[in-house]
Amino acid sequence: MEKNQYELCLEVLRRLHRAGVLKDIMLIGIWCLPFYKEYFSSTTYSPSFRTRDIDFLVPNPGKIHVQTDIPALLKDLGFVVNYSGSKGYIKLEHPDLLIEFLSPEKGRGMDDPVKIPRLGVNAVALRYLNFLVENTIKVGVEGFTICLPHPVNFALHKLILFQRRINKEKAQKDRETSGMLLRALIKKGDAVLIKSIFDSIPLRWRKRIVKGLQNAEDKDILSVLGEVVS
Amino acid sequence: MGVIKGVLREELANSLRMQSGYERELKKLPKGSLVKKCIKGRHYYYLLMREGGKVKFVYKGKVSGEEIKKYKETKEIRARYRNLLSKVKKQVKFLRSSLRGKESV
């Protein structure tokens, strides 16, 4: 199952690359973890389990350079289009993978999906996603590259997010993932980088991150951020 | 443990939605598959389908290359969807039993 799932993910990426879509979108969410292996090549890094959800971030839905129909592109792999929620967010579903598109929320926010006609899909607009776009890395996969959020941004974003989650299990999963990633980054020698990125984000977000870590009594990470356990 | 149970619950909801998705897509596909019969040295196309539990051949007359291709693709898609639907059903069964199937989830 795991191998099939990874193979399917690679095939999806391959097709998106061939269609020229990968230039305009980035992979976010839990599926970034296996692709961070290259970044952590010099240190021990063992990503935790992953779910079937694979999220793609469309930073600029209005500035897509290619015209393609993603559901049609993936149809023969067995992906079916389903609409979730009352607003009809598109999900491309397969027993091994569920693809969803996200976009950074603009202004005061809205509930309606962001239409992306050039890709034949729509996206869920969410807060804090710009933080993932601000600092990215490119990872080589089978001769093409995929864009991922920098692991530091990914981990800090999860720390901001987990406290906003209504679903407790998801919140716990976010906290555990960010903890695992930050520890791997510290081991790799990226403590200074974590601190500098942490210092660059708005004060409210920083407070939220610190509060979350204090609740979890995560002293190692708090000390890297220059904070103390209350 | 709570995390795993929460993930399983979410995955079950996903699988159930997916199951109805595949069932819907299968219904949308045109019925039957195209077969070529050789009668007295000449080739004729028939649409093979089931109606009321009986196998039925419907004469199609002249069929263009494009139509043949379309039926072939449909047949492949149907086979794939059926395969995936059976996979999803197995997932639903597994997830339900993992979450102690007697409870309503």
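## Two packed helices in chain A

In this predicted model, helix α5 (residues 151–161) of chain A packs against helix α8 (residues 203–216) of chain A at an angle of about 80°, and their axes are 8 Å apart. Axes are lines fitted to C-alpha atoms, for helices over the stretch in contact, with angles from 0 to 180 degrees between N-to-C directions. Helices are DSSP runs (H or I, at least four residues), numbered from the N terminus. The angle therefore makes α5(A) roughly perpendicular to α8(A), a term for 65 to 115 degrees.

On the α5(A) side the contact is made by Leu156(A), Leu159(A) and Ile160(A), and on the α8(A) side by Trp205(A), Arg208(A), Ile209(A), Gly212(A) and Leu213(A). Residues are in contact if their C-beta atoms, placed from the backbone, lie within 7 Å. By class, six of these residues are nonpolar, one is polar and one is charged. Ala, Val, Leu, Ile, Met, Phe, Trp, Tyr, Cys and Pro count as nonpolar, Asp, Glu, Lys and Arg as charged, and the others, Gly among them, as polar.

## Where chain B meets chain A

Contacts join 18 residues of chain B to 15 residues of chain A. On the chain B side, α1 and α2 are the elements that give two or more residues. The largest share, 12 residues, comes from α1(B). This side of chain B divides into seven nonpolar, five polar and six charged residues.

## Confidence and numbering

The model scores ipTM 0.74 and pTM 0.85.

Residues are numbered from 1 along each chain as its sequence is written, and chains are lettered from A and ligands numbered from 1 in the order in which they are written. Local features need pLDDT of at least 70 and side-chain atom pairs count only at pLDDT 80 or more, while totals for chains, interfaces and linings use all residues.

Definitions and conventions:
Angles under 35 degrees count as roughly parallel, over 145 as roughly antiparallel, 65 to 115 as roughly perpendicular and the rest as oblique. Two residues are in contact if their C-beta atoms, placed from the backbone, lie within 7 Å.
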